[in-house]
Amino acid sequence: MSPLTIILSFYIPLFLLTMVYVVVNGFHFIRFRLPGDLSWLFMSIYLLAVASVIITSISSAIVAYTV
Amino acid sequence: MTETVSTPQPSPGFQPRTFRPHILKLLFPLLWAIIMLVPPLMISSTLNSMGLGEDPIIESASWLFGGLYLVFVISYFTMQVIFWYFDAWIITKNGLIDIQLVSLFNRRVAQLNWSQVQDVRVSIQGPLATLFYFGDIIVQTAGKEGVFELRAIPNARAVSDLIDELSQSAQSPAQGGIKFISPTQRLGEILIQQGNITESDLEQALQDQRISGRRLGQILVAQGRISREDLVKALSNQFHLPYIDLSRYDIDPNVVKLMPYATAVKYHAIPIHRSADDVLNIAVAEPEREKFTELMGQFDLPLTFLVADENYIQEAIAGYYSNQDHSITQPPITPPSLDEDTTATE
């Protein structure tokens, strides 16, 4: 079993669990928003931050592994 | 997921205002999130100092798991933001809506009408609250919810004054002499409308009433068709008076002294609160115009009336007057009985 396989076997379940957390947070923003509040803004910032971190970390990991 | 949403219709001319806890309530979650970032940074630093940071496997693993951990920390802080942001209190002209995110997937929404407000207190505690001028507002109510607490509200004293003003204006028709609104509906009709009984239940109860002469409400309670709470709510509805759950209300013993024991027993009534502008709130079990007029004649203070459960009133009279001198005693209070003729008639 290669080191990469071991890393991914841990990473993928943890990634899915973290995504569940993200979805739960997003659900609360959508479900419990009040008329005229800033829920959409908060959710956009949150999802943008999460997406940036994930994309950066995965792409950096690929670069580190291949270069 | 549990949720009970009720939205009062705001009256024209008053813009509903939403209040949330002060943003400084997020300070500790933010600090905690920052502290959570320290261990991975220390691990990374240790790996680098050991010369392992250059290893492509360790480096890529660091990126992957470090990124995931950062997403977790961001999500943790966002969850705190959610709990902060979705704790909201909306002030409308008719009342206060209290929205609380109790836990994930569980929001509680409660509503308070201004006429039910008994007391408003402000509590500003701690250096942060004092420095940035936010505090807790505690609204004591006559409703089933008991106490509404608005936590960490910016400019708490001004908000408290606003609540006070709105509740005073809601209760003002009763100040300086009550304006009694005569019932426009019969008790039975209200109970049917509320879905407590059916028409056949009512007919049967009316038949019993003709035979026994007892009051309709008590007959229905005795038959188990409605609860005592249903009866109190229906009477409150019928006489356009707020109702109060005395089992949850802390009566001021000094206010009780304002009414002689004999009067309390005679009218099945007990004073429960004296407002800042000297209006005396009296809980009664049997709302009747004659009773109100007679009670008003015995007090120098303006009175407001609330409907309460007969049993709780009896218990309160027994409890609060037990230590007081009532040498001119009336007949002792008998335990409340459903067979007694105690409730307003249809």
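Of the 346 residues in chain B, 45% are buried (under 20% relative accessible area, 1.4 Å probe, protein chains only). This is a predicted model, in which local features need pLDDT of at least 70 and side-chain atom pairs count only at pLDDT 80 or more, while totals for chains, interfaces and linings use all residues. Residues are numbered from 1 along each chain as its sequence is written, chains are lettered from A in the order in which they are written, and side-chain values use heavy atoms, without hydrogens and water.

**Chain B**
- Chain B has 13 helices and 11 strands (DSSP runs, H or I of at least four residues and E of at least two, numbered from the N terminus).
- Of the contacts (heavy atoms within 4.5 Å) in chain B between residues at least 6 apart in sequence, 62% join residues at least 24 apart.

**Interface of chain A and chain B**
- Chain A and chain B bury about 3100 Å² between them (accessible area, 1.4 Å probe, lost on being put together, summed over both).
- Carbon and sulfur atoms carry 81% of that buried area.
- The contact takes 34 residues from chain A and 32 residues from chain B.

**Side of chain A that touches chain B**
- Helix 1 (3–31) and helix 2 (39–66) of chain A each supply at least two residues of this side.
- Helix 1 of chain A gives the largest share, 16 residues.

How values were computed
Buried < 20%, exposed > 50% of the residue type's maximum accessible area, 1.4 Å probe, protein only. Buried area = accessible area lost by both parts, 1.4 Å probe.
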